[in-house]
Amino acid sequence: MRFYSAYASSCLLLAPAWAFPALPQASVITPSGPPGSSGSLRGPQSLLGNNPSIAVPTEPSTVIPPEDFELAPGQTEDTDLGVYIDLSKVKNPQPIRGDPTSPTDPGPRTQAYDRLNSDLYIPPGTDAGDAPNAKWPFGLSHNRHGLAGSGWARQQNVDQLPVAKAMAGVNMRLSPNAYRELHWHKASEWALMLNGSVRIQAVNEQGQTFVDDMTAGDVWFFPRGVPHSIQALENGCEFLLVFDDGEFSEDETFLVSELLERNPETVVAKNFRTSTQTFNKLPDGQLWIFPGTPPPKNIQEQNVTGPAGTIPQQESYSYHLSQQEPYRVPGGSIKIIDPATFPIAKQFSAALVTVEPGAMREMHWHTTSDEWTYFLQGSARLTVYQAPAASRTFDFSAGDVGYVPVPNAHYLENTGSEPLVFLEVLLADTYSDISVNQWLGLTPAQIVKDHLNVDDAFVSTLPKTEPFIMPGNRNLSTTNFTETVE
Ligand SMILES: *[C@@H]1O[C@H](CO)[C@@H](O)[C@H](O)[C@H]1NC(C)=O
Ligand SMILES: *[C@@H]1O[C@H](CO)[C@@H](O)[C@H](O)[C@H]1NC(C)=O
Ligand SMILES: *[C@@H]1O[C@H](CO)[C@@H](O)[C@H](O)[C@H]1NC(C)=O
Ligand SMILES: *[C@@H]1O[C@H](CO)[C@@H](O)[C@H](O)[C@H]1NC(C)=O
């Protein structure tokens with residue numbers, strides 16, 4: 001022990017025993033590092049294994065005694081029931097499902113991950129095989145900060161979620177009056193306002209102009225290549241961007257500042273028929289997100305038009321989805337926005353869904369597009385079923401991204417006590433899905449019975465219209481949903 005420094009000794013209290021073993025007798029230790037260092041970086045060759053003279057000590061039991069942890073409701077139910085296990089409040093949660101004597105987890109571990117992802121930590125018995133990761137929390141993304149406290153943005157693309165090849169997302173915050181710099185990009189941009197209000201502005205190929213103010217719940221769309229700016233109004237804002245390219249990067253957009261800085265100064269002067277002096281005060285480096293002067297309250301003052309006029313309303317880049325009445329069904333409500341009502345956003349179809357506690361967005365799949373999902377409120381789980389025999393269950397909460405490749409089947413179950421609100425985005429001309437309820441409800445009863453060995457009474461309950469959401473029960477251990485409680 002005499003070689004340990006004071007620092008190393010204090011580490012002994014925190015580090016596992018094997019990190020600082022008693023030094024082998026035979027080893028020759030020659031401290032050669034800086035003052036205060038001791039020991040040697042490598043051990044002696046005599047520690048090589050398959051050597052009967054090395055005695056391995058008997059370790060104490062690794063089993064965590066039952067009095068040192070708590071089980072959550074449902075943890076000892078049959079594994080194939082796969083009831084949702086809420087680990088958020090139990091002491092020292094353990095990966096037990098079904099058999100209460102199944103192995104405990106002595107660590108190392110970070111309990112916060114296990115509590116948030118109980119279906120990964122303790123999968124339902126029905127999960128099988130290998131299905132690609134379907135979850136990325138924006139909370140694990142690098143957050144890039146703008147100039148002088150003007151905002152931030154973090155992204156999810158194939159670097160974070162490799163399965164998400166068709167779509168990528170950005171979560172952006174702008175301080176009061178701050179700008180997202182005038183820019184354009186290779187991918188098309190679909191956006192949902194999450195909080196606050198913002199003014200957006202663009203010019204298209206015909207020289208038609210566009211300006212509008214957006215508030216929480218509204219949607220905008222900028223086709224690929226169309227230059228636009230985004231400026232927060234007086235209370236700042238936060239929004240979500242979805243791009244039709246999984247490789248999109250917020251760090252690789254085309255910026256007006258860089259456009260002028262990356263061309264010869266004489267060319268820039270010639271282009272505008274001015275002197276190079278005009279651009280003496282160009283910003284040094286990109287602006288990206290930066291503080292702005294307050295926009296005029298009256299939007300008409302920023303309604304610039306040329307001979308081509310404004311972008312016709314039919315082709316508007318915005319849709320005030322916040323003012324759309326939701327379609328209500330037992331267990332929740334839905335707002336669909338797709339090119340049927342927002343024609344410029346070709347290929348972008350979305351549903352903003354609210355699911356009451358205990359209820360579930362029913363089992364379904366999409367026929368032509370992957371699904372990019374964002375969770376605005378509450379908590380949920382989703383199982384991806386992938387042909388022929390794989391499935392995996394993931395848990396989500398506010399600020400997470402989910403991704404389900406076409407045509408994998410999935411559901412979204414509210415696993416919390418508050419309404420679940422999430423956004424489904426498809427790259428499709430129409431928002432559509434195949435409802436498992438309606439599919440079987442419109443299949444001849446005999447065929448359903450021959451496949452599933454169910455009785456006539458059950459088949460007669462299958463709906464012929466799409467329910468979207470199925471009411472459930474706030475008690476997530478319930479097994480009989482014949483009479484559902486909203
Ligand atoms: C916006 O953020 C504020 C501050 O956190 C919050 O009180 C408010 O509910 C949010 N609004 C919406 C629409 O989420
Ligand atoms: C801008 O002005 C045009 C008419 O020139 C009008 O059609 C359009 O609605 C105006 N935009 C806004 C946001 O008021
Ligand atoms: C929830 O349902 C399970 C299964 O029916 C039952 O054992 C349990 O007592 C219920 N819990 C509550 C809080 O009602
Ligand atoms: C399920 O609940 C319904 C309604 O309470 C009841 O009629 C039925 O017998 C129950 N089914 C089973 C298998 O317990």
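How many salt bridges does the structure hold? The structure, which is a predicted model, holds 17 salt bridges. One pair that can be followed in detail is formed by Asp 251 and Arg 144, whose closest N and O atoms are 2.8 Å apart. This pair links distant parts of the chain, since Asp 251 sits in the loop between E9 and strand E10 (254-255), whereas Arg 144 belongs to strand E2 (residues 143-145), and 107 residues separate the two.

The domain assignment of the protein chain gives domain 1, made up of 142-253 + 288-316, and domain 2, which covers 324-470. Taken over C-alpha atoms, the centres of domain 1 and domain 2 are separated by 28 Å, and the contact between them takes 24 residues from domain 1 and 22 residues from domain 2. The size of an interface is often given as the accessible area lost when the parts come together. For domain 1 and domain 2 the buried area is about 1,900 Å², with 82% of it on carbon and sulfur atoms. On the side of domain 1, Met 167, Trp 190 and Phe 221 supply 33% of the area buried against domain 2, which is more than any other three residues supply.

The side of domain 1 that touches domain 2 draws at least two residues from each of strand E4 (168-174), strand E6 (189-203), strand E8 (219-222) and strand E9 (228-243).

Most residues other than glycine have a negative phi, and most peptide bonds are trans. Against that background, a cis peptide bond joins Ala 387 and Pro 388, with omega at about -5 degrees, and Pro 388 lies in the loop between strand E18 (379-386) and strand E19 (390-397). Another cis peptide bond joins Val 406 and Pro 407, here with omega at about -10 degrees, and Pro 407 has its place in the loop between strand E20 (400-404) and strand E21 (410-414). Arg 273, although not a glycine, has a positive phi of about 55 degrees, and this residue is found in the loop between helix H5 (265-271) and strand E11 (289-290).

The ligands can be approached through the residues around them. Around ligand 1 are Leu 194, Asn 195 and Ala 216, and an oxygen atom of ligand 1 is 2.2 Å from an N or O atom in the side chain of Asn 195. On its own, ligand 1 has 360 Å² of accessible area, of which the protein covers 23%. Which residues surround ligand 4? Ligand 4 is surrounded by Asn 480, Thr 482 and Glu 483, and one of its oxygen atoms is 2.3 Å from an N or O atom in the side chain of Asn 480. Of the 370 Å² of accessible area that ligand 4 has on its own, the protein covers 28%.

Definitions and conventions:
Residues numbered from 1 in each chain as written. Chains lettered and ligands numbered in written order. Predicted model: local features only at pLDDT ≥ 70, side-chain atom pairs only at ≥ 80, totals over all residues. Heavy atoms only, no water. Near = heavy atom within 4 Å. Polar contact = N/O pair within 3.5 Å; in protein donor to acceptor, adjacent residues only side chain to side chain. Areas by Shrake-Rupley, 256 points an atom, 1.4 Å probe, with all protein chains shown as cover. Domains from an automatic or database assignment. Contact = heavy atoms within 4.5 Å. Buried area = accessible area lost by both parts, 1.4 Å probe. Helix = DSSP H or I, 4+ residues; strand = E, 2+ residues; numbered from the N terminus. Salt bridge = Lys/Arg side-chain N within 4 Å of Asp/Glu carboxyl O.
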